[in-house]
Amino acid sequence: MKLRFIGKNDGKAALTRDQIKIMREFTIWVMKKFLSERILADIEMIVTLDGQLLKKEKMHGQSVWMDRPNRPREFEISVDTSSKFQNAMHTLSHELVHVK
């Protein structure tokens, strides 16, 4: 699985390096639980940590496939980071279910 975390609107700056590491390790752990190794090898995921997602879009997170709608393999997950880290983790958990 290719996994990248990027920041938008100071979203990455709102979290510590350790918190981003926890999010990365959690994402890998969840995806290993949800998907077979064969499918996991083809997954590409970008997690955007957005400091203004809630303010601008009125949502805590979203998950979008970036390639084909039938059996997609490329995803972008956006997570609002303007509130507590616990809320960002909860949102990430919810959005990962959509990747499943």
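Predicted model: local features only at pLDDT ≥ 70, side-chain atom pairs only at ≥ 80, totals over all residues.
View 1. Setting aside neighbours within four places in sequence, the residues in contact with T91 are H60, G61 and V79.

**View 2. Strand β2 and its partner β1.** Here we look at β2, made up of residues 44-50. Five of its seven residues are buried, so the strand is largely enclosed by the rest of the structure. Strand β1 (residues 2-8) runs parallel to β2, and seven bridges join the two.

**View 3. From β2 across to β4.** Strand β4 spans residues 74-80 and is joined to β2 by seven bridges, again in a parallel arrangement. L49 has V79 as its bridge partner in β4, and V79 is also one of the contacts of T91. Elsewhere along this pairing, M45 stands opposite F75. Like β2, strand β4 is mostly covered, with five of its seven residues buried.

**View 4. β3 alongside β4.** How do strands β3 and β4 run, parallel or antiparallel? They are antiparallel, with five bridges joining β3 (residues 61-65) to β4. Within this pairing, W65 has F75 as its bridge partner, and F75 is the residue that M45 stands opposite.

Notes:
Residues numbered from 1 in each chain as written. Heavy atoms only, no water. Contact = heavy atoms within 4.5 Å. Buried < 20%, exposed > 50% of the residue type's maximum accessible area, 1.4 Å probe, protein only. Helix = DSSP H or I, 4+ residues; strand = E, 2+ residues; numbered from the N terminus. Pairing = 2+ DSSP bridges.
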